[in-house]
Amino acid sequence: MTATVRRLDASGFARAAGDLAALLVDTVDGGASIGFLAPLDTAEALAWWRERAEGAAAGHLAVWAAYDGDRVVGTVGLAFPDKPNSRHRAEVVKLMVHREARGRGLGRTLLTTAERAARAAGVTLLHLDTETDSPAEHLYRTAGWTRAGVIPDYAADPAGVLRPTTLYYKHPAGG
């Protein structure tokens, strides 16, 4: 599969909303701990994405979608803080790849897209969190991210079980 990655603007969010909601539901159904409990209702997922469109329009969030043809099969976001003392950093959020598209390097492509965009925006520090021992940890480690520590019982997985979360950081310019 060759995916095309595009940053979503307001109209892009509107066109992709249904696919983004389906991707979110698929990701939660697949067991990824990304802030939602299973089963996730499609209407709830759609409402969540529509709220993100507002943040993107305000410049607090940048979101990229990976398309296989016309269908969204992955996404990643950068959340920018609004405080003056933290404008040098951003958080990588909601890196998701549809279960049917996994294992083909799309997660790494999306992560690299976010890192390059952060660097272009003058961001000197990126951070993220992920469920400890999740498949995502392998991606972050092999992409040069540094493990900062683990917080026990940080978030519930989709089944509602409290799990630890690992914090990572990276300087996108390689410094």
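Is Glu 51 buried, partly exposed or exposed? Its relative accessible area is 45%, and buried would need under 20% and exposed over 50%, so Glu 51 counts as partly exposed. Please keep in mind that this is a predicted model.

I will stay with Glu 51 for a moment. Glu 51 forms a salt bridge with Arg 52, and the closest N and O atoms of the pair are 3.7 Å apart. Arg 52 is also partly exposed, at 21% relative accessible area. In general, side chains of opposite charge can pair when their charged atoms come close.

How many salt bridges does a search of the whole structure find? The count is 6. I will go through two others.

One of them joins Glu 115 and Lys 170, with the closest N and O atoms 3.2 Å apart. Glu 115 is in helix H3, residues 106–120, and Lys 170 is in strand S7, so this pair ties together parts that are 55 residues apart in sequence. Glu 115 counts as buried at 10% relative accessibility, and Lys 170 counts as buried at 15%.

Another joins Arg 163 and Glu 131, where the closest N and O atoms are 2.7 Å apart. Arg 163 belongs to strand S7 and Glu 131 to strand S5, residues 125–131, so the pair ties together parts 32 residues apart in sequence. Arg 163 is partly exposed, with a relative accessible area of 24%, whereas Glu 131 is buried at 13%.

Next, the strands. S7 covers residues 162–170 and runs antiparallel to S6, with 7 bridges joining the two. Gly 149 stands opposite Leu 167 in S7. The hairpin of S6 and S7 has 5 residues between the strands, and Gly 160 there has a positive phi near 95°. Ile 151 lies in S6, residues 146–156, and is partly exposed at 30%. Together with Tyr 154 and Leu 167, Ile 151 forms a nonpolar patch on the surface, with about 240 Å² of accessible area in total.

Now to strand S2. Of its 8 residues, 7 are buried. S2 is joined to strand S3, residues 71–79, by 8 bridges, and the two run antiparallel. Leu 61 has Ala 79 in S3 as its bridge partner. These two strands make a hairpin with 2 residues between them, and Gly 69 in the turn has a positive phi of about 70°.

S2 also pairs with strand S1, residues 4–7, through 4 bridges, again antiparallel. Val 5 is in S1, and its bridge partner in S2 is Ala 66. At 25% relative accessibility, Val 5 counts as partly exposed. Beyond its neighbours within four places in sequence, Val 5 is in contact with Trp 64, Ala 65, Ala 66, Thr 109, Leu 110 and Thr 113.

Which residues have the most contacts inside the largest nonpolar core? They are Leu 24 and Trp 49, in a core of 25 residues. The elements giving two or more residues to this core are helix H1 (10–29), helix H2 (42–57), strand S2 (61–68) and strand S4 (89–97). H1 gives the largest share, 9 residues. Apart from this core lies another, of 24 residues, among them Trp 64, Ala 90, Val 92 and Leu 128.

Leaving out residues up to four places away in sequence, Trp 49 touches Phe 13, Leu 20, Ala 21, Leu 24, Val 63, Thr 75 and Met 96. That is where I stop.

Key. Residues numbered from 1 in each chain as written. Predicted model: local features only at pLDDT ≥ 70, side-chain atom pairs only at ≥ 80, totals over all residues. Heavy atoms only, no water. Patch = residues over 30% accessible without salt bridge, like charges linked within 9 Å, V, L, I, M, F, W, Y side chains within 5 Å. Areas by Shrake-Rupley, 256 points an atom, 1.4 Å probe, with all protein chains shown as cover. Salt bridge = Lys/Arg side-chain N within 4 Å of Asp/Glu carboxyl O. Buried < 20%, exposed > 50% of the residue type's maximum accessible area, 1.4 Å probe, protein only. Core = buried A, V, L, I, M, F, W, Y, C linked by side-chain atoms within 4.5 Å. Contact = heavy atoms within 4.5 Å. Pairing = 2+ DSSP bridges.
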